[in-house]
Amino acid sequence: MIMPTGIRERNGRFQMILSRGGRQITGTFDTLEEAKEARVTALRQFSKSTNTRRTITIKEAVERAYNVRWEGTKSERTAMINANLLVRYFGANTQLTAIDTIVVNKFVDSLKEQGLSNSTVNRKLSCLSVILQTAEDHGYATGKPVLTKRKEYKGRERFLTQEEEHNVIKVFEHWSTPCYKDAFITLLDTGMRTGELFKLQKQDADFKQGKHGILIIWRTKNDHPRSIPMTKRVSELIQARLIGLNATDNIFDYKQHWLRNGWDRMKTTLGLQNDKQFVPHILRHTCASRLIQRGVPLMMVQKWMGHESIQSTMRYSHLAPSTLFNLVADE
């Protein structure tokens, strides 16, 4: 016999289960009719309590989402920037139940009028979704609206050419300190994230493994440690930088703004100040693209780059078309 929704048979009796807004009502009855009637009664109780339950404001919901979802995470700062934007737009004392689909669509329209891209709009909607879902999970009536993500155009990936690499190194070689050149080469040859570079310690360099040694990345974006082989030039510059350091000293004892300031100076010197895609992250893209072009399998590139999903690696797959060439018939 097919049981009605929310009812199941156990040991000759009938169990009713109803979950709503983080609450659950259960009961076991002798007959199916009793279980069905109890579930109907429970649904009425939930409906009544939802209609009379206190909702919270967008400001209160943001505070709850921060405490539950964002505090202490790598996305804390970005999440709160987006969340505070939502509070300013909707108004701190606005009840969540007032944020319906029509209101959200007007919010999206205002973002588009500001010239923001679909990807940026989607980040704001994702933040709003977390806020609403967290409130709902904790038993508050939210009247959750439909959040329709915008289609994102991937566009053309910007990579560093061999000539550009040579020109950048030449600029850095004329500066009084080799630190910028060292950071540039390390990021380019390893593909690590800039944040990972500034967390590297002397004890994370192992010259006994691999051809030229490895760098062990313990603190990553997705909390999955990985090891990256060093090229000969990276191995040599890292060994030079380790002289006089203690095991827990940072190999590159700088912050993000240090790299960005030097990068912008270098861009201006090369006349690339208007190239918006010529940013430090281009070195990570370039490393991945060169691995693919050398025939390294996608799964290996994924491990090298520390991509949590293979989909992140797949965007470089078009750079290795040689596997398709053999499919073409000779005639």
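The entries below go from the whole chain to single helices, helix pairs, a sheet and a few residues.

**Entry 1: ground rules and overview**

I note at the start that this is a predicted model, in which local features need pLDDT of at least 70 and side-chain atom pairs count only at pLDDT 80 or more, while totals for chains, interfaces and linings use all residues. Residues are numbered from 1 along each chain as its sequence is written, and side-chain values use heavy atoms, with hydrogens and water left out.

I looked up the secondary structure and found 14 helices and six strands in the protein chain; helices (H or I, at least four residues) and strands (E, at least two) are DSSP runs, numbered from the N terminus. Of the 331 residues in the chain, 40% are buried, where buried means under 20% relative accessible area, exposed means over 50%, and partly exposed is in between (1.4 Å probe, protein chains only). I also looked up the contacts, meaning heavy atoms within 4.5 Å: among those with a separation of 6 or more, 57% are between residues 24 or more positions apart.

**Entry 2: helix 5**

I took helix 5 (residues 118–137) next, which has 20 residues and reaches 28 Å from its first C-alpha to its last, close to the 28 Å expected at 1.5 Å a residue; the expected span is 1.5 Å times one less than the number of residues. The buried residues of helix 5 include Val 121, Leu 125, Leu 128 and Ile 131, and also Asn 122 and Lys 124. What covers the buried residues of helix 5 includes helix 2 (58–70), helix 3 and helix 4. After helix 5 comes Gly 139, whose phi is positive, near 85°.

Axes here are lines fitted to C-alpha atoms, for helices over the stretch in contact, and angles run from 0 to 180 degrees between N-to-C directions.

Helix 6 (residues 162–173) and helix 7 pack at an angle of about 155°, with their axes 8 Å apart. I therefore wrote down helix 6 as roughly antiparallel to helix 7, since angles under 35 degrees count as roughly parallel, over 145 as roughly antiparallel, 65 to 115 as roughly perpendicular and the rest as oblique. Among the residues that meet are Val 168, Ile 169 and Phe 172 in helix 6 and Tyr 180, Phe 184 and Leu 188 in helix 7. The residues of this contact divide into seven nonpolar, no polar and three charged (Ala, Val, Leu, Ile, Met, Phe, Trp, Tyr, Cys and Pro count as nonpolar, Asp, Glu, Lys and Arg as charged, and the others, Gly among them, as polar).

Helix 7 (residues 179–190) also packs with helix 10 (residues 256–270), at an angle of about 100° and with the axes 11 Å apart, which means that helix 7 is roughly perpendicular to helix 10. Cys 179, Tyr 180, Ala 183, Phe 184 and Leu 187 of helix 7 make this contact with Trp 258, Leu 259, Gly 262 and Trp 263 of helix 10. Its residues divide into eight nonpolar, one polar and no charged.

I then looked up an open sheet of three strands, which has the order 4-5-6 with antiparallel pairing; two strands pair if DSSP finds at least two bridges between them. Strand 4 (205–206) and strand 6 (226–229) are the edge strands, each pairing on one side only. Strand 4 and strand 5 (residues 214–217) pair over two bridges, while four bridges join strand 5 to strand 6. Leu 215 in strand 5 stands opposite Ala 205, and its bridge partner in strand 6 is Ile 228.

In a regular strand the side chains alternate between the two faces of the sheet. Both faces of strand 5 are covered, with Ile 214 and Ile 216 on one side and Leu 215 and Ile 217 on the other. Strand 6 has a covered face, Arg 226 and Ile 228, and an uncovered one, Ser 227 and Pro 229.

Is Asn 93 buried or exposed? Asn 93 counts as exposed because its relative accessibility is 68%, and it is found in the loop between helix 3 (76–90) and helix 4 (101–113).

Ser 235 lies in helix 9 (residues 232–242) and is buried, with a relative accessible area of 6%. Not counting residues up to four places away in sequence, Ser 235 touches Phe 207, His 212 and Met 230.

Arg 290, found in helix 11 (residues 282–293), counts as buried at 17% relative accessibility. With residues up to four places away in sequence not counted, those touched by Arg 290 include Glu 165 and Leu 188.
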